[in-house]
Amino acid sequence: MLVEATTDGPLGTEADTIAVGVFEGDGIAHDAPGGELQSLLDAGEAGRAFRRLAVTHAEGRRWILVGLGAREDFDAERARVVAAIAHGRARELGVQTLCWEVPHHVSDQVVGGLVEGTMLQAYRFERYRSGDRENHRGAQRLLISSHHDVADAVEAAAVVAAAQNGARDLANTPANDLPPAAVAARASEIAGEGHGVIVTTLDEREIREAGMGAFSAVAQGSGHGARLIALRYRGPGAEGPLLALVGKAITFDSGGLSLKQAAKMHEMKFDMCGGAAVIEAIGALARLGAPVEVLGIVGATENLPGPDAVKPGDIVRSLDGTTIEVNNTDAEGRLVLADCITYAIREGAGWIVDIATLTGGVVVALGSAFSGLMSNDDALAERVQASGLAVGERLWRLPLDRDYADMIKGRYADIANVTERREATAITAGEFLHHFAGEVPWAHVDIAGTAYGGRRPYSDKRATGVGVRLLVALAQDLAG
Ligand code: BES
Ligand code: ZN
Ligand code: ZN
């Protein structure tokens, strides 16, 4: 989708469809010449309540009038929602070029929300469908019409939303077409754009020989070679501690020998969503030329019960020397992340934020409305939460505590990758990672409930691309 800002009024553009919002207690700021929108309101066909929607025709264009609700409640998230609803209808009506008339006196965040909501709703994953799907493709062009110049806000939002859709493409791609090497190839593709991202990868032998016994243990059950993908980006004028973004990219999680049940196993192609968010967020930061220094570390492997697979009870040694009892091979994400976190620390990380579809426990606790957040640093946790809130990706903090850390003490080795009873699985997974982060300010984001099966008008049932907006906003906040 081509996205542009304009200071022309909608009728001065080539739009075939014009979207206009109306706040409670307000009139229509710029009606169609014949007063058609006011007529829709007068007739009760349109309304000012949030998400109400009506369509009319005037001046040879389609007009969509959307209720925005109360002005004081209208924020970037509500903008995403109304933009998604408007585009959904416009798509059904065969839109090619959509023009949003930006309501008066709204923030740049709201302007960005209109762009994001439209682009995210327009996203489709059709590459595996045969036949002609040309109809109802949705808007090919999006124009954002405003009295004042909103070009920067529009451009930034378009970059971030495109990156989020890129993460959705990676995540929706089935595991047979997305082995770990393909995840690395996507990172290299971003490096090839020439915006300053440098990518280096370790293959499975290098991972093993580097001493990452935890990561290797997961990788050894699959014939597809694992990859540790490192992405570096340093924007102009970046200073301050190095921010490491660590992503779990299990391209398929069968559970290994602790095999998962069949019913939802197919969803485990989504177990690389954390890694996808890291890769695409760094791509977006680079395209934006953001003045930040980030290091992305993505641990990519399958988790399969092949002949060499790690077995329950096996004891492995992580990169930092910790011995780990692998009592459940389905708790593989923390094994991969543990070595990636140590790797990030050795690369000089001053802050670490990891993101992973880590536990079913967080889905039980928070559903799809909030991601889970755990941290050893209150200041960092607050900034992660604030960044998430600002971009409509909410996080709820769960506690870390010695009592939880005690639950993963090993019987034979230093620590175990699961607790003896299934209790507090999201938190004890967090404590497992905490062991490796140690004193380095670190935050862990569990997106198992938010990475797919979204319930927002701008995200369908497939991958949501959660984490991209959060990580972009957080990197910018920490650098600022
Ligand atoms: N990838 C799963 C977590 C997951 C579950 C993601 C549901 C998305 C939806 C992870 O590797 C896993 O299997 N975790 C286990 C850990 C348990 C064995 C302690 C879990 O949460 O059940
Ligand atoms: Zn698992
Ligand atoms: Zn997993």
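1. Basis of the note. This is a predicted model, in which local features need pLDDT of at least 70 and side-chain atom pairs count only at pLDDT 80 or more, while totals for chains, interfaces and linings use all residues. Residues are numbered from 1 along each chain as its sequence is written, chains are lettered from A and ligands numbered from 1 in the order in which they are written, and side-chain values use heavy atoms, with hydrogens and water left out.

2. The strand pair around Ser375. Strand β14 (residues 371-375) and strand β17 (residues 442-446) are joined by four bridges in the antiparallel sense; strands here are DSSP runs of E of at least two residues, helices are runs of H or I of at least four, and both are numbered from the N terminus. Two strands are said to pair if DSSP finds at least two bridges between them. Strands of a sheet pair through backbone hydrogen bonds, either parallel or antiparallel.

3. The sheet that holds them. β14 and β17 belong to an open sheet of eight strands with mixed pairing, ordered β7-β8-β10-β9-β13-β17-β14-β15. Its edge strands, each pairing on one side only, are β7 (198-203) and β15 (395-397), and the twist from one strand to the next averages 20 degrees.

4. Helices lying across the sheet. Helix α5 (residues 180-191) lies across β7, β8 (227-234), β9 (242-253) and β10 (293-303), and runs at about 15 degrees to β8. Helix α13 (residues 425-437) lies across β13 (349-356), β14 and β17, at about 150 degrees to β17. Axes are lines fitted to C-alpha atoms, for helices over the stretch in contact, and the angles run from 0 to 180 degrees between N-to-C directions; contact means heavy atoms within 4.5 Å.

5. The zinc ion (ligand 2). Its protein donors are Asp253 (OD), Asp330 (O), Asp330 (OD) and Glu332 (OE), at 2.0 to 2.2 Å, with the donor residues spaced D-x76-D-x1-E in sequence. Donors are N, O and S atoms within 2.8 Å of the metal (3.2 Å for Na, K and Ca), and since water is not among the atoms, sites may look incomplete. The angles among the six donor atoms of this ion run from 71 to 168 degrees, and the site is irregular.

6. The zinc ion (ligand 3). Asp253 bridges the zinc ion (ligand 3) and the zinc ion (ligand 2), which lie 3.2 Å apart. Lys248 and Asp253 are buried, and Glu332 is buried with a relative accessible area of 0%; buried means under 20% relative accessible area, exposed over 50% and partly exposed in between, with a 1.4 Å probe and protein chains only.

7. Ser254. This residue sits in the loop between β9 and α8 (273-288) and counts as buried, at 3% relative accessibility. A polar atom of the Ser254 side chain lies 2.6 Å from the backbone oxygen of Asn303. Leaving aside neighbours within four places in sequence, Ser254 is in contact with Leu259, Lys260, Met265, Asn303, Leu304 and Pro305.

8. Strand β4. In β4 (residues 61-69), nine of nine residues are buried, with Arg61, Trp63, Leu65, Gly67 and Gly69 on one side and Arg62, Ile64, Val66 and Leu68 on the other. In a regular strand the side chains alternate between the two faces of the sheet. Strand β2 (residues 17-23) runs parallel to β4 and is joined to it by seven bridges, with Gly21 opposite Val66. Strand β3 (residues 53-58) runs antiparallel to β4, with six bridges, and Thr56 stands opposite Trp63. β3 and β4 form a hairpin with two residues between them, and Glu59 in the turn has a positive phi of about 55 degrees.

Note on methods: Four donors count as tetrahedral if all angles lie between 85 and 135 degrees; four count as square planar and six as octahedral if opposite donors are over 155 degrees apart and all others between 65 and 115; anything else is irregular. A polar contact is a pair of N or O atoms within 3.5 Å; within protein, one must be able to donate a hydrogen and the other to accept it, and residues adjacent in sequence count only if both atoms are side-chain atoms.
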